Amino acid sequence: MMRIHGYYPVDIVNGPGTRCTLFVAGCEHQCRGCYNQSTWRLDSGVPFTLEMEEQLIADLNDRRIARQGFSLSGGDPLHPHNVPHIRRLVKRVRRECPDKDIWLWTGYEMAELSAAQREVVEEIDVLIDGRFIEAEKDARLLWRGSRNQKIWWLRQPQSEHAEQHAAACHADQRDPQRPCGKGAMQHQ
């Protein structure tokens with residue numbers, strides 16, 4: 001069973017727009033300077049129950065507070081223990097909330113992902129990858145903690161959010177040689 005450290009039904013920090021955000025337990029990277037060290041242990045936090053999952057789906061579909069999407073952070077959602085649970089969850093969100101985008105933060109780099117981790121990535125819209133490196137910390141970065149981390153735009157953004165995605169993509173771009181885009185496997 002996957003464990004979590006927090007669920008925020010209304011979040012405006014972890015991705016664009018208003019979102020539902022889930023912080024999972026378990027991280028192999030244990031980056032120096034991590035702000036979320038309490039999430040490192042797999043046995044920490046509380047079990048992610050079916051009731052919690054049902055609430056998350058209901059919150060994403062709640063029209064009283066429109067949510068743009070769902071964000072997964074941690075710990076690390078792509079920790080090998082979490083992968084089967086996250087894969088099932090993102091497939092359900094994709095099926096039952098098709099108008100919501102899915103963002104995921106991981107300490108693994110795209111090139112390091114296992115086949116099982118890539119199956120999860122195939123279901124999401126945006127991946128922020130890479131370990132937090134304290135020496136590369138930059139508070140000006142949007143949705144990242146250190147300059148080495150990349151934002152991968154994996155799916156074409158929905159037309160009503162395209163401008164927001166494009167603006168975010170270029171808001172903190174420091175290197176004009178680094179590609180930034182909305183297509184498959186492009187990163188910033």
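Me: What makes the pair R92 and E54 a salt bridge?

Reply: Their side chains meet at 3.0 Å, N to O. The pair links distant parts of the chain: R92 sits in helix 2, E54 in helix 1, 38 residues apart. A salt bridge needs a side-chain nitrogen of Lys or Arg within 4 Å of a carboxyl oxygen of Asp or Glu, so an N to O gap of 3.0 Å qualifies. This is a predicted model, in which local features need pLDDT of at least 70 and side-chain atom pairs pLDDT 80 or more, while totals for chains, interfaces and linings use all residues. Residues are numbered from 1 along each chain as its sequence is written, and side-chain values use heavy atoms, without hydrogens or water.

Me: Why is R92 called buried?

Reply: Its relative accessible area is 10%. Buried means under 20%, exposed over 50%, and partly exposed in between (1.4 Å probe, protein chains only). R92 is therefore buried. E54, at 38%, falls in the middle band, so E54 is partly exposed.

Me: Why are E53 and R88 put in their accessibility classes?

Reply: E53 has 2% relative accessibility, so E53 counts as buried. R88 has 45%, so R88 counts as partly exposed.

Me: How do you know that D138 and R147 form a salt bridge?

Reply: Their closest N and O atoms are 4.0 Å apart. That value sits at the limit, so the pair counts. D138 is buried, at 6% relative accessible area. R147, at 35%, is partly exposed.

Me: Which residues do salt bridges with shared partners join into one network?

Reply: E53, E54, R88, R92, R95 and E96. The structure holds 15 salt bridges.

Me: Why is T106 called buried?

Reply: Its relative accessibility is 5%, under the buried limit, so T106 is buried. T106 lies in the loop between strand 5 (101–105) and helix 3 (115–121).

Me: What is T106 in contact with, beyond four places in sequence?

Reply: D76, L78, L127, I128, D129 and G130. Contact means heavy atoms within 4.5 Å. G75 is 31 residues from T106 in sequence, and 8.2 Å away in space, C-alpha to C-alpha. A polar atom of the T106 side chain lies 3.2 Å from the backbone nitrogen of Y108.

Me: How many helices and strands does the chain have?

Reply: Four helices and eight strands. Their order along the sequence is β-β-β-α-β-α-β-α-β-β-α-β. Buried residues make up 51% of the 188 in the chain.

Me: Which stretches of the model have pLDDT below 50?

Reply: pLDDT is the predictor's confidence in each residue, from 0 to 100. The chain mean is 83, and 78% of residues reach 70 or more. Residues 158–163 are below 50, with six contacts beyond near neighbours in sequence. Residues 170–188 are also below 50, with 55 such contacts. Where pLDDT is low, predicted coordinates should not be read in detail.

Conventions
Helices (H or I, at least four residues) and strands (E, at least two) are DSSP runs, numbered from the N terminus. A polar contact is a pair of N or O atoms within 3.5 Å; within protein, one must be able to donate a hydrogen and the other to accept it, and residues adjacent in sequence count only if both atoms are side-chain atoms.
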